[in-house]
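Reader: I would like to learn how to read a model like this one. Please take me through it feature by feature.

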2 protein chains.
Amino acid sequence: MRAPYGLNILDNCLTCPVRGEHLFCNLSLQAGQRLNEIKSTAVYPKGAMLFIEGQQPRGVFVLCVGKAKLSTSSREGKTIITKISDSGDVLGLNAVVSNRPYEVTAEMMEPGQANFIPRDSLVQFLKEFPEVALRVAQQLSRNYYTAYEEIRTLGLAASPSEKFAKLLLSWSTNSGQDDGSSQVKLTLTHEEIAEMIGTTRETVSRLFSEFKKKQLMQLKGATLVIRSRVALEKIVQS
Amino acid sequence: MRAPYGLNILDNCLTCPVRGEHLFCNLSLQAGQRLNEIKSTAVYPKGAMLFIEGQQPRGVFVLCVGKAKLSTSSREGKTIITKISDSGDVLGLNAVVSNRPYEVTAEMMEPGQANFIPRDSLVQFLKEFPEVALRVAQQLSRNYYTAYEEIRTLGLAASPSEKFAKLLLSWSTNSGQDDGSSQVKLTLTHEEIAEMIGTTRETVSRLFSEFKKKQLMQLKGATLVIRSRVALEKIVQS
DNA sequence: ACCAGTGCGTGATCTGGATCACTGTTACTT
DNA sequence: AAGTAACAGTGATCCAGATCACGCACTGGT
């Protein structure tokens, strides 16, 4: 099956290759089938907005292919990115469950695909399958902890260096080698990194120079090589 | 019934004078009675820690009398206060539901009383009364929104002045007069206010002077008079 | 009365990072 | 191939607010 933006469409959750330890991705057979009925799938170009901060919640999006950034902005245009979502993540869950406006904007960072589940159908679905409702509650609670982590970082981590080091560490945790180094594909612009750690583009540029000079990291094309986790942890402190 | 610290003990939720629109405070008769059985009550002096950030969750605390501050700290001792809780508030709910460590520290700001519900009993109670479980989920979701509000403030609101103005506004919303002014009993030290808006004690002192000079507020003993909400809103902007 | 502890007000410095202003570098588009 | 965005590096400047260092007022304990 072919689709725009050069993607293959995944049209069945039960046979989806990205099935894994995700909410909505490994349900009981019945629940999975029911989910398959109430969801619709769509393909999005880079830059597409799944939903925008402040909108009334229409439903949740299950990211199947591609990355999306979640952000919130002030009136003057200052923006912070709170999370980079990957396939399997469920977006807009909290807004839908609490029936309050989306608290963030979700924008596709690359062409991708997402399933959409309308609010009413989801609520009905959760009533029908209480075990899924429980998992949703746990997910919400996990989201809360992530939010608190963000609060701690923004409120307590003093300098941009600290926050930058923290960010690098969070990237390297996933794909770590045992010698303390690790490699990550760098997909964000300096501008976006700046929005993640609450600073300016220029400062991020300088942080790159500084960290490279200090042998903390290294750049090979688009691949970021993190040299020493311990050294970074010493910078983070908090 | 007399107790330490000059407080009268409230020993029955069903006849409690602070019953109101709180989670756990206006339940069905059955649920209320059951709750009354599984809770225990205790009286705390000023400065008592109900629980500490990082501890495994033992249970939730329902604040009956007194105020408590919720805070989180870095290793170096920098602290941010995320919320001032008042009677009726349920503390530690998220940690208990998700069975993760308390994400904040809860400290009594004045002598008070709180009911304690052990984790196991609460979980059992929620299974027994699904309608209460639903309300708990809603409460969690509300907590999440509050956390996001905090993220926005910390990440987007530029200057201490802005955050201070925001804080004053949040205080004045409760007890507002129609002429735009309002009065609040000031119970926090400058140090604590500083920890709420992420700045230093000295800066808060200077903000007080500055705002008084600008006729935005006024201080009569321990009573804070907020002169003009609109003027404050103009400062907040975001 | 005394002292210690805690909170408050204010001046004098110092500095990290925002801001401004460029140039250089890719990478699409036509 | 040329032209136009978007992205990236780097110097120069500036300033809000942290930090340091006081003195002063109040409160509770002995």
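Author: Begin with the element labels: helices (H or I, at least four residues) and strands (E, at least two) are DSSP runs, numbered from the N terminus. This is a predicted model, in which local features need pLDDT of at least 70, side-chain atom pairs count only at pLDDT 80 or more, and totals for chains, interfaces and linings use all residues. Residues are numbered from 1 along each chain as its sequence is written, while chains are lettered from A and ligands numbered from 1 in the order in which they are written.

Reader: Where is Gln215(B) in those terms?

Author: Gln215(B) sits in the loop between H7 and strand S10 (217-220) of chain B. Its phi is near 65°, a positive value in a residue other than glycine.

Reader: Is Gln215(B) buried or exposed?

Author: Count C-beta atoms, placed from the backbone: a residue is buried if 20 or more others lie within 10 Å of its own, exposed if 12 or fewer, and partly exposed in between. Gln215(B) has 10 C-beta neighbours inside 10 Å, so it counts as exposed.

Reader: Which residue has a positive phi of about 55°?

Author: Asn99(B) does, although it is not a glycine. Asn99(B) is in the loop between helix H2 (93-98) and strand S7 (105-108) of chain B. With 12 other C-beta atoms within 10 Å, Asn99(B) is exposed.

Reader: Which residues come nearest to DNA strand D?

Author: Of the 15 around DNA strand D, the nearest are Thr189(A), His190(A), Ser159(B), Thr199(B) and Thr203(B). Here H7(A) gives the most, with 5 residues.

Reader: What does His190(B) touch?

Author: Two residues are in contact if their C-beta atoms, placed from the backbone, lie within 7 Å. Leaving aside neighbours within four places in sequence, His190(B) contacts Arg201(B), Val204(B) and Ser205(B). His190(B) lies in helix H6 of chain B. With 15 C-beta neighbours inside 10 Å, it counts as partly exposed.

Reader: How do H6(B) and H7(B) cross?

Author: Axes are lines fitted to C-alpha atoms, for helices over the stretch in contact, and angles run from 0 to 180 degrees between N-to-C directions. The axes of helix H6 (residues 190-197) of chain B and H7(B) come within 8 Å and cross at roughly 100°. The contact is made by His190(B), Glu191(B), Ile193(B) and Ala194(B) of H6(B), with Arg201(B), Thr203(B), Val204(B) and Ser205(B) of H7(B). By class, it has 3 nonpolar, 3 polar and 2 charged residues.

Reader: What lies in the loop between H6 and H7 of chain B?

Author: Gly198(B) lies there. Gly198(B) is partly exposed, with 19 other C-beta atoms within 10 Å. Not counting residues up to four places away in sequence, Gly198(B) touches Gly155(A), Ile80(B), Leu154(B) and Lys163(B).

Reader: How many residues does each chain bring to the contact between them?

Author: Chain A gives 31 residues and chain B gives 31 residues. On the side of chain A that touches chain B, the largest share, 16 residues, comes from H4(A). That side divides into 11 nonpolar, 12 polar and 8 charged residues.

Reader: And the core?

Author: In soluble globular proteins, nonpolar side chains tend to be buried together. A nonpolar core is a set of buried Ala, Val, Leu, Ile, Met, Phe, Trp, Tyr and Cys residues joined through C-beta atoms within 7 Å. The largest one here has 113 residues, and Val60(A) and Val60(B) have the most contacts inside it. Helix H4 (residues 130-156) of chain A gives the most to this core, with 10 residues.

Definitions and conventions: Near = placed C-beta within 6 Å. Nonpolar A, V, L, I, M, F, W, Y, C, P; charged D, E, K, R; others polar.
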